[in-house]
Amino acid sequence: MSDRRCGVLLPVSSLPGKYGIGGFGKDAYEFVDSLVKAGQSAWQILPLGPTSYGDSPYQSFSTFAGNPYFISLETLIEEGVLTESECEEADFGSDETRVDYERLYLERFQLLRKAYERSSIAENPKFLAFAKEQDYWLSDYALFMAVKGRFEGKPWSEWAEDIRFRWQNALDYYREELYFDIEFQKYMQFKFYEQWERLKEYANKKGIEIIGDIPIYVAMDSADTWASPWLFKLDRNNRPVQVAGCPPDAFSETGQLWGNPLYNWEVHKNSGFEWWVRRISHCFTMYDVLRIDHFRGFDEYYAIPCGDKTAANGWWEKGPGMDLFRAVSYHLGERKIIAEDLGYMTESVKQLVRDSGYPNMRVLEFAFDERDTGNASDYLPHNYPRNCVVYTGTHDNETLVSWFRNITPKERRMVREYLQDFRSDEKEIPKRLIRLALGSVADLCIIPLQDYLGLDDRARTNKPSTLGINWMWRLKEGQFGKELQEEMKRLAVIYGR
């Protein structure tokens with residue numbers, strides 16, 4: 001990734017569109033066209049997996065499956081398996097700028113089920129080929145989701161003992177009993193991948209690379225842990241022994257308790273990291289570049305006793321380190337990978353990043369934090385190496401507008417001193433910071449679209465450790481317009497991107 005380039009961060013869910021959430025319909029293609037007109041060459045998205053309670057793309061029912069919410073209803077209308085009136089009559093909520101996940105859940109799957117029942121999918125040779133090719137994850141996932149539906153959405157740890165432990169007689173029973181529910185799940189995955197592949201191919205032909213995102217952990221309530229419990233630190237009853245999170249720091253007195261099961265790294269190592277190689281290989285069928293979330297967890301990961309209410313009593317344990325990435329490189333060759341190395345950085349984590357050769361992340365919003373002087377200087381542009389990716393902020397950060405408004409007076413002075421700008425109006429500072437990022441030596445610059453638009457935290461994507469207010473913001477039709485596109489292209493040209 002040595003070319004000097006720039007791109008935009010925008011989740012697929014945040015695209016505009018008629019049916020409650022962004023997806024793979026015409027608005028996605030128009031967004032790609034807008035990126036081209038804006039002089040961009042990369043589109044960074046969030047994980048595309050099916051979301052569970054809380055709607056976070058980082059807590060998915062599967063690390064391999066795609067989110068059915070993104071399936072384009074317009075395309076299904078064109079295929080004749082849905083009618084426009086059926087889609088128009090569905091209630092996806094009244095606010096086009098917000099995703100109403102409750103309405104989406106209640107309405108979207110009913111429409112997709114109708115599409116499946118009209119599809120004659122079992123006779124489609126492309127579907128049969130897809131099901132065979134993806135069988136290494138698809139059969140378990142489809143069965144998992146069908147059984148979950150039978151148990152009224154309960155996590156698999158609360159299912160009946162026979163299917164919870166995957167006894168053969170139970171597997172045989174549910175595969176027969178839930179045959180059409182299982183096929184429905186496979187149909188949705190077929191449609192997801194068919195439409196995503198088409199969209200990605202379009203973007204690539206237009207010169208836009210897709211930067212995907214892989215969470216380090218998988219959810220406890222996922223097909224991954226249910227189907228392969230030996231890969232995780234679970235007890236004899238398949239309950240987590242320890243769970244993932246982050247320790248207390250200047251930003252959180254009790255730390256962050258994520259609750260994901262931890263990996264049994266010894267088992268992974270003994271298999272030659274087979275599961276990880278397959279997981280990352282799968283990602284590169286979906287994306288051109290892969291951002292690996294919480295990269296420091298591969299050096300050392302934070303373990304919290306299962307059942308604790310906070311992360312305060314956790315401890316650090318050694319991760320797989322370069323052994324994992326050597327295995328990935330051996331099997332998959334050199335791939336474009338970004339190391340998300342944000343947070344507390346020890347020397348051993350920094351060494352892992354250096355040894356991997358992957359570009360790491362620099363976030364401007366972290367550069368002026370008076371509480372974190374130890375790492376803050378790493379985020380100041382005069383300290384960047386070329387082999388890094390600069391962001392104004394990530395999906396977890398405030399927008400630039402709200403961030404500058406909410407930081408301390410001392411931090412605002414630090415920003416203005418660094419910019420040598422004591423006269424500009426407050427609303428101009430975010431624009432100056434975007435130019436600072438674009439003008440840095442970092443090979444790749446990614447800016448959240450909300451920052452280009454000058455929006456405040458009403459457009460924020462996620463506020464960590466909160467529920468019910470995240471992953472909702474959506475772009476309005478026409479909001480990413482010609483004037484902004486021309487300005488973005490002008491900046492990209494000025495700074496040689």
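Predicted model: local features only at pLDDT ≥ 70, side-chain atom pairs only at ≥ 80, totals over all residues.

Reader: Then what makes R386 exposed or buried?

Author: Its relative accessible area is 54%. That is over 50%, so R386 gets the label exposed.

Reader: Why are D443 and R386 called a salt bridge?

Author: A salt bridge needs a side-chain nitrogen of Lys or Arg within 4 Å of a carboxyl oxygen of Asp or Glu. The closest N and O atoms of D443 and R386 are 3.6 Å apart, so the pair passes. D443 sits in the loop between α18 (429–439) and β12 (444–448), and R386 in the loop between α15 and β11 (388–391), so this bridge ties together parts 57 residues apart in sequence. The structure holds 33 salt bridges.

Reader: How far apart are the closest N and O atoms of K410 and E370?

Author: They are 3.9 Å apart, which is within 4 Å, so this is a salt bridge too. Here K410 belongs to helix α17 (residues 409–419), E370 to the loop between β10 (360–363) and α15 (373–376), and 40 residues separate them. K410 has 44% relative accessible area and E370 has 32%. Both values fall between the two cut-offs, so both residues are partly exposed.

Reader: What separates R103 and E107 along helix α4?

Author: They are 4 residues apart in helix α4, which means about one helical turn. R103 is partly exposed at 24%, whereas E107, at 16%, is buried.

Reader: What makes a group of residues a nonpolar core?

Author: Its members are buried Ala, Val, Leu, Ile, Met, Phe, Trp, Tyr and Cys residues joined through side-chain atoms within 4.5 Å. The largest core here has 162 residues, and W43, W196, W276, F298 and L433 have the most contacts inside it. Helix α9 (residues 179–205) gives the largest share, 10 residues. Take F298: leaving aside neighbours within four places in sequence, its contacts (heavy atoms within 4.5 Å) include W265, W276, L324 and F325.

Reader: How do you know that something is a cavity or a pocket?

Author: On a 1 Å grid over the protein atoms alone, a cavity is a set of points where a 1.4 Å probe fits but cannot get out; a pocket is an open set with protein on both sides within 12 Å along at least five of seven lines, and lining residues have an atom within 4 Å of a point. There are 4 cavities of 30 Å³ or more. The largest cavity has about 180 Å³ of space, volume being the space filled by probe spheres set on the points, which are joined across faces, edges and corners. It is lined by 22 residues, with P47, G49, S62, T63 and P215 closest to its centre. Helix α12 gives the most to that lining, 3 residues.

Reader: What is the volume of the second largest pocket, and how do its lining residues divide?

Author: The volume is about 890 Å³. The lining has 35 residues, with T51, F61, Y69, Y105 and F109 nearest the centre. They divide into 18 nonpolar, 9 polar and 8 charged. For these classes, Ala, Val, Leu, Ile, Met, Phe, Trp, Tyr, Cys and Pro count as nonpolar, Asp, Glu, Lys and Arg as charged, and the others, Gly among them, as polar. Helix α6 supplies the largest share of this lining, 6 residues.

Reader: What is the phi of F273?

Author: It is positive, about 60°, although F273 is not a glycine. At 4% relative accessibility, under the 20% cut-off, F273 is therefore buried.

Definitions and conventions
Residues numbered from 1 in each chain as written. Heavy atoms only, no water. Buried < 20%, exposed > 50% of the residue type's maximum accessible area, 1.4 Å probe, protein only. Helix = DSSP H or I, 4+ residues; strand = E, 2+ residues; numbered from the N terminus.
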